[in-house]
Amino acid sequence: MAEPKTKYDRQLRIWGEQGQTALEKASICLLNCGPTGSETLKNLVLGGVGSITVIDGSKVELVNESCVGQSKAKCVCTFLQELNDAVKAKFIEEYPEALVDSNPSFFSQFTLVVATQLTEDSMMKLDKICREANVLLIFARSYGLTGFVRNSVKEHAVIESKPDHFLDDLRLNNPWSELKRFAESIDLKVLDPVAHKHTPYVVILVKMAEEWAKAHGGALPSTRDEKKEFKELLKAGMVAMDEDNYKEAIEASFKVFAPRGISSDLLQIIHDSCSEVDSNSSDFWVMVAALKEFIVNEGGGEAPLEGSIPDMTSSTELYVNLQKIYLAKAEADFLVLQQRVKSILKRIGRDPDSISKAMIKSFCKNARKLKVCRYRLIEDEFSNPAVSELQKYLSDEEYSVAMGFYILLRAVDRFAANYNSFPGQFEGELDEDISRLKTAVVGLLNDLGCNGSTVTEDLINEMCRFGASELHAVAAFIGGIASQEVIKLITKQFVPMVGTFIFNGIDQKSQLLTL
């Protein structure tokens, strides 16, 4: 099927064929298809998810003449299907809250559930249902000029985290024997000026770092003065002013000063209790267990080599040879890790070939960038709050409005449970609603253990003015964020947000609260 590949050409450049295939296999369930839900789904339908199921019990009040009075779920489904006929779309005319209560097993058929505009009680129930069924879950809600997005999944492991800035894996501070030998075979004091200015900076730095270590008891430059001195030595090696390779070496010298071995983030992952694997462990943790063994043994404290080198000023011959050395080492590391994965699988009673070569290869290439995200149960966050975090956010000028909105979004649900309507929803009751909402806020803050903390009068008044409306501009923004998170979770690429994302439309600010 060549057609979709051109159809999704642009996004394929971002998440590749594997990512697109994951999307095309995914089935998404949307709860409530108001502006927030429709905007979220629109982005996913255009992106080519496999199937969507829209659940909403309400009727259309305003779209166009032909839709008024019809099922909202049906209309939204029809419009979405028009955007991409490759997506299977169906709808169920039922209120999501009723479905959560009456038929919890319904949700286990989906890859991911996007729950929009749910109140606290339904959120907690749905969260438990999806965790038990191992279904990914995202909550999204827009409310006047504010809104939130919150992912909820027991654990999400990312191999292709694709960080924006990451240090090349060149091992200049810890070269292996072949790289050392290659560097030794090249003379930096070569008399031919053309050869001198075409020695790759990797070779210059490996040689200079070795020289430095010999004179400093095996240690590399660490203090500011030492680093400065090292750069001066590089400068002194230049024969002419136009030697780009030496300029590159000076610019890249920080790669020599970087600490050897693995990062604290990776250390945390390999020491996670999940790396003690058994027959129930996921493929990810089996590979982490193999990585742990590799680092201690063949890796000598380092992760497998990635194997790619950046562009640099060099003669073609030296560049190609250098490339071969890096590729050979990466391949050798991969073969060792693959062997370790197979023997671990055998040991835990699984088929030694049950993790594909492509998967292990990708894991090797990204071993230094692994990420594991874990999310608290919503009920746990609500009933067992991290009081010190809450207080810190409430008293921090930078975060107090976002935190105020978080408190208010929960307080309006308490209000609705008591009065069967949201504050400010009906005209003429605004003043009364403001004092009722204030009472709900004080009660909530006390229950959260934040006695004495307050949310400003202004914010409480604003929240009542919102009257639980879904403004399209806010819904489009919240839906955009939610659909990005869906794609991260389904493709297992990039790192999803951990915490509660709050949008503050008054100041046009977005913030992430870890609660």
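Buried here means under 20% relative accessible area.

**Figure 1. Overview of the predicted model.** The structure shown is a predicted model. Of its 515 residues, 50% count as buried. The protein has 22 helices and ten strands. Along the principal axes, its C-alpha atoms fill a box of roughly 90 × 55 × 45 Å. The automatic or database assignment divides the protein into domain 1 (4-154 + 471-513), domain 2 (177-257), domain 3 (264-314 + 325-373) and domain 4 (383-466). Between domain 1 and domain 2, the C-alpha centres lie 53 Å apart.

**Figure 2. The ring pair of Phe477 and Phe501.** The model has 13 aromatic pairs. In this one, the ring centres of Phe477 and Phe501 are 6.4 Å apart. Their planes meet at 35°, so the pair is tilted. The cut-offs matter here: a stacked pair needs planes under 30 degrees apart, and an edge-to-face pair needs over 60. Phe477 belongs to helix H22 (residues 472-491), and Phe501 to strand E9 (residues 500-504). The two residues are 24 apart, and the pair links distant parts of the chain. Phe477 is partly exposed, at a relative accessible area of 32%. Phe501 is buried, at 7%.

**Figure 3. A cluster of phenylalanine rings.** Phe106, Phe107 and Phe110 are shown together. Ring pairs link these residues into a cluster.

**Figure 4**

Figure 5. The structure holds three cavities of 30 Å³ or more. At least two lining residues come from each of helix H6 (120-132), strand E6 (146-152), helix H17 (378-383), helix H19 (400-419) and E9. H19 gives the largest share, four residues. The lining has seven nonpolar, one polar and six charged residues. Domain 1 and domain 4 both contribute to this lining, so the cavity lies between them.

Figure 6. Several elements each supply at least two residues of the lining, among them helix H2 (9-25), strand E5 (136-143), strand E7 (155-158) and helix H14 (283-296). By class, the lining has 17 nonpolar, eleven polar and nine charged residues. Domain 1 and domain 3 both give residues to the lining, so the pocket lies between them.

**Figure 7. Ala475 in helix H22.** Ala475 lies in helix H22. With 0% relative accessibility, Ala475 counts as buried. Gln338 is shown for distance. From Ala475 to Gln338, the C-alpha atoms are 46 Å apart in space. In sequence, the two residues are 137 apart.

Figure 8. Most residues other than glycine have a negative phi. Lys162 is not a glycine, yet its phi is positive, about 45°. This lysine is found in the loop between E7 and helix H7 (177-184). At 29% relative accessibility, Lys162 counts as partly exposed. Asn420 also has a positive phi, near 60°. Its place is in the loop between H19 and helix H20 (430-447). At 74% relative accessibility, Asn420 counts as exposed.

Methods:
Residues numbered from 1 in each chain as written. Predicted model: local features only at pLDDT ≥ 70, side-chain atom pairs only at ≥ 80, totals over all residues. Heavy atoms only, no water. Phe/Tyr/Trp six-rings, centres within 6.5 Å; stacked < 30°, edge-to-face > 60°. Buried < 20%, exposed > 50% of the residue type's maximum accessible area, 1.4 Å probe, protein only. 1 Å grid on protein atoms, 1.4 Å probe; cavity = no way out; pocket = protein on both sides within 12 Å on 5 of 7 lines; lining within 4 Å. Points joined across faces, edges and corners; volume = space filled by probe spheres on them. Nonpolar A, V, L, I, M, F, W, Y, C, P; charged D, E, K, R; others polar.
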